Amino acid sequence: MRYKLSAPATLHTTIQLPASKSISNRALILHALAQGCITPANLSDCDDTRVMIKALDGNPEHIDILAAGTAMRFLTAYLSVTPGTRVITGTERMQQRPIRILVDALRELGAQIEYVGKEGYPPLRITGTELAGEEITLAGNVSSQYISALLMIGPILKNGLQLNLTGEIISRPYINLTLQLMKEFGAEAAWSSESSITVHSGTYKDIPFTVESDWSAASYWYQMVALNCDNATNEKETVKTEVELSGLFSRSYQGDSRGAEIFTKLGVRTAHTDRGVILTKMGSPVARIKEDLVDIPDLAQTFVVTCCLMNIPFRFTGLQSLKIKETDRIQALITELHKLGYVVKSEEDSILIWNGERCEPEANPVIATYEDHRMAMAFAPAAMRIPTLRIAEPQVVSKSYPGYWEDLQQAGFGIEIEE
């Protein structure tokens with residue numbers, strides 16, 4: 001199945017964004033470790049959170065987390081300190097995503113984990129046991145989800161946890177998000193130096209907690225505002241682009257909130273209200289952009305697609321984690337943007353560059369989504385510049401933003417289903 005998209009002449013809408021998946025899944029693990037009775041409120045209604053809830057409900061012996069990478073990492077650590085023996089697995093793609101670094105670290109703490117299939121990859125057989133805790137050293141450029149998984153079980157360990165990170169530390173905001181949430185649930189955990197984190201042994205508290213809206217999901221609406229043209233008119237005046245996004249706050253725990261700052265360079269103004277934010281167009285965008293996205297890799301697809309369609313050459317660095325996401329996002333971006341007429345290049349498996357080079361675009365491009373929700377959501381706004389655009393396997397958005405297509409229709413997009 002695929003969707004053929006048509007864009008509205010202008011954009012003037014209010015959108016209730018989904019709750020943050022990143023916060024939801026962390027809060028669920030912390031709630032479970034606290035053995036709490038007060039379920040976190042406003043949980044994300046997405047695949048990743050649904051499989052997490054199912055896995056934590058009744059402690060089943062066989063856990064299938066489908067394509068949810070966050071759930072695989074967090075649950076691997078959680079199950080290591082939870083009594084019982086369980087097998088955790090996922091989709092074929094999930095079974096190709098490496099997990100050895102996390103397993104080795106947990107084994108170093110005393111965890112009982114076996115590989116059911118290929119060494120270094122899921123499925124895993126985990127027997128929960130009491131772990132003493134000790135000092136662990138990891139490379140700082142590993143997935144922040146490995147680090148967060150270890151940190152969250154830190155207070156449960158008999159001697160706490162001292163985590164030392166070497167080299168460049170990528171995705172630091174995601175680590176800080178985890179630490180902040182741990183503190184809210186009663187843990188003592190903090191950076192003890194630029195590269196070390198100390199987690200004291202203790203217990204988590206059962207607290208009421210409400211999840212805020214998702215800044216990653218907001219990025220696609222920023223993208224639409226940036227790509228939209230204020231050219232629609234009614235009888236009296238031009239209809240100005242304006243999108244209100246509910247549930248976002250200026251003081252957010254989410255690192256992806258930095259996307260708003262970068263979008264100012266692409267001509268989008270953010271005004272904070274007591275309900276969320278209002279996005280409008282402003283001035284002229286920059287002629288060229290250079291950004292290190294190491295702290296916000298999930299926004300890479302959004303910015304790469306936006307800049308190409310706005311004809312803004314770019315150099316985005318810090319993208320080393322993109323190759324081990326739901327798909328190899330670096331190659332996927334290069335391949336799909338070529339269909340739209342843009343020759344994007346990569347360097348060192350961590351940099352994406354576009355210097356304005358073009359190629360012949362396909363007449364009726366169909367964007368492949370590679371079982372990756374962010375490929376679908378980052379390319380859909382391209383319909384504002386490419387009226388023949390189609391998105392293959394559009395249902396992948398259910399991983400993080402199940403109501404994405406309905407929200408687009410509410411905003412005036414047309415969606416035609418093609419089998």
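Gln35 is exposed, with a relative accessible area of 72%. Exposed here means over 50% relative accessible area, buried means under 20%, and partly exposed lies in between (1.4 Å probe, protein chains only). The model is predicted, so local features need pLDDT of at least 70 and side-chain atom pairs count only at pLDDT 80 or more, while totals for chains, interfaces and linings use all residues. Residues are numbered from 1 along each chain as its sequence is written, and side-chain values use heavy atoms, with hydrogens and water left out.

Gln35 sits in the loop between H1 and H2. Helices (H or I, at least four residues) and strands (E, at least two) are DSSP runs, numbered from the N terminus. The phi of Gln35 is near 50°, a positive value in a residue other than glycine. Glu371 also is not a glycine, and its phi is positive, about 60°. Glu371 is placed in the loop between strand S18 (366-367) and H11. At 53% relative accessibility, Glu371 counts as exposed. Most residues other than glycine have a negative phi, and most peptide bonds are trans. A cis peptide bond joins Pro122 and Pro123, with omega about 5°. Pro123 belongs to the loop between strand S5 (112-115) and strand S6 (124-128).

The domain assignment of the protein chain gives domain 1 (21-199) and domain 2 (216-388). Such bounds come from an automatic or database domain assignment. The centres of the two domains, taken over C-alpha atoms, are separated by 30 Å. Their contact takes 15 residues from domain 1 and 19 residues from domain 2. Contact means heavy atoms within 4.5 Å.

The interior was examined next. In soluble globular proteins, nonpolar side chains tend to be buried together. A nonpolar core is a set of buried Ala, Val, Leu, Ile, Met, Phe, Trp, Tyr and Cys residues joined through side-chain atoms within 4.5 Å. The largest nonpolar core has 74 residues. Trp221, Tyr222, Leu245, Phe314, Tyr404 and Trp405 touch the most other members. Helix H7 (residues 215-227) gives the largest share of this core, 10 residues. Apart from this core lies another, of 67 residues, among them Ile29, Val51, Ala77 and Ile113.

Two residues show how such contacts are built up. Not counting residues up to four places away in sequence, Tyr222 touches Trp215, Leu245, Ala260, Phe263, Val268, Thr270, Val277 and Leu279. Ile197 lies in strand S10 (residues 196-199). Ile197 is buried, with a relative accessible area of 0%. Leaving aside neighbours within four places in sequence, Ile197 is in contact with Leu151, Leu161, Gln162, Leu163, Ile175, Leu179, Ala190, Trp191 and Ser192. Ile197 and Ile175 are 22 residues apart in sequence and 9.9 Å apart in space, C-alpha to C-alpha.

A cavity is a set of points where a 1.4 Å probe fits but cannot get out. A pocket is an open set with protein on both sides within 12 Å along at least five of seven lines. Lining residues have an atom within 4 Å of a point. Grid points are joined across faces, edges and corners, and a volume is the space filled by probe spheres set on the points.

By this rule there are 4 cavities of 30 Å³ or more. The largest cavity holds about 350 Å³ of space. Of the 28 residues that line the largest cavity, Lys21, Thr70, Gln145, Asp298 and Lys325 are the closest to its centre. Helix H1 (21-33), helix H3 (69-80), helix H5 (144-153) and helix H11 (373-379) each supply at least two residues of this lining. Domain 1 and domain 2 each give at least three. By class, the lining of the largest cavity has 5 nonpolar, 11 polar and 12 charged residues. Ala, Val, Leu, Ile, Met, Phe, Trp, Tyr, Cys and Pro count as nonpolar, Asp, Glu, Lys and Arg as charged, and the others, Gly among them, as polar.

The largest pocket has a volume of about 210 Å³. Its lining has 13 residues, with Asp47, Ala67, Glu371, Ser398 and Lys399 nearest its centre. The second largest pocket holds about 170 Å³. Residues that line the second largest pocket include Leu28, His31, Gln35, Leu43 and Tyr78. H1 and helix H2 (47-56) are the elements that give two or more residues to this lining. H1 gives the largest share, 3 residues.

How values were computed:
1 Å grid on protein atoms, 1.4 Å probe; cavity = no way out; pocket = protein on both sides within 12 Å on 5 of 7 lines; lining within 4 Å.
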